[in-house]
Amino acid sequence: PLLLTGNIFLLIFVASLGAEIPWPELVGAAVVAGLIVLVIGPLGVTAWLARWLPAPIVFAVLAGAVLPFFVDLFTAAGDEPLIVGSTLLAYVVAARWLEPRVPALLPALATGLVLAVATGETATIASDTALLPSFVTPELSISGLVIVTPVVVVLLTLQANVPSVVY
């Protein structure tokens, strides 16, 4: 389902709801969102929807999903200043001197991972099997289907390049 709705917004949105809604229901919502995008895309409704929806609403939905991750960055900086500070520094340095040859996210990710392993912060991972892919049977629920609406709206409008139209 994530491939049908392939967008970083969906990943952020799903991650932010992980503690509130069971994973199978999130997968079911992602499947429904993917099917809606798959049907609406070829019909040409995407461009109409992008024109009809005000860009600030689309950006507000996106910002609402991303904001907790930025807030958590500052919380984590207080808990793990070495890891967070070094990762941010690696990102800024790479963005300044390595891009566009190397995406700044790669050195930042490498720095964060190396420091997390070196400081023992990876010990909280329960087991290696938690990292392996597994099949999840999608479940449909009212709460899961309610999730579909903002996901579909943002997917369709962002895929229709609303950000590039506004800026």
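Guide: The largest pocket holds about 580 Å³ of space. A pocket is found on a 1 Å grid over the protein atoms alone, as an open set of points where a 1.4 Å probe fits, with protein on both sides within 12 Å along at least five of seven lines. Its volume is the space filled by probe spheres set on the points, which are joined across faces, edges and corners. This is a predicted model, in which local features need pLDDT of at least 70 and side-chain atom pairs count only at pLDDT 80 or more, while totals for chains, interfaces and linings use all residues. Residues are numbered from 1 along each chain as its sequence is written, and side-chain values use heavy atoms, without hydrogens and water.

The largest pocket is lined by 16 residues, each with an atom within 4 Å of a point. F69, L73, V84, T87 and L88 lie nearest the centre. By class, the lining has 12 nonpolar, 2 polar and 2 charged residues. Here Ala, Val, Leu, Ile, Met, Phe, Trp, Tyr, Cys and Pro count as nonpolar, Asp, Glu, Lys and Arg as charged, and the others, Gly among them, as polar. Helices α4 (55-79), α5 and α6 each supply at least two lining residues; helices are DSSP runs (H or I, at least four residues), numbered from the N terminus.

Now the packing of these helices. α4 and α5 pack at about 125°, with their axes 6 Å apart. Axes are lines fitted to C-alpha atoms over the stretch in contact, and angles run from 0 to 180 degrees between N-to-C directions. α4 and α5 are therefore oblique to each other. Angles under 35 degrees count as roughly parallel, over 145 as roughly antiparallel, 65 to 115 as roughly perpendicular and the rest as oblique. L73, A76, A77, G78 and D79 in α4 meet P81, V84 and L88 in α5, with contact meaning heavy atoms within 4.5 Å.

α5 (residues 81-97) and α6 (residues 105-118) pack at about 160°, their axes 7 Å apart, which makes them roughly antiparallel.
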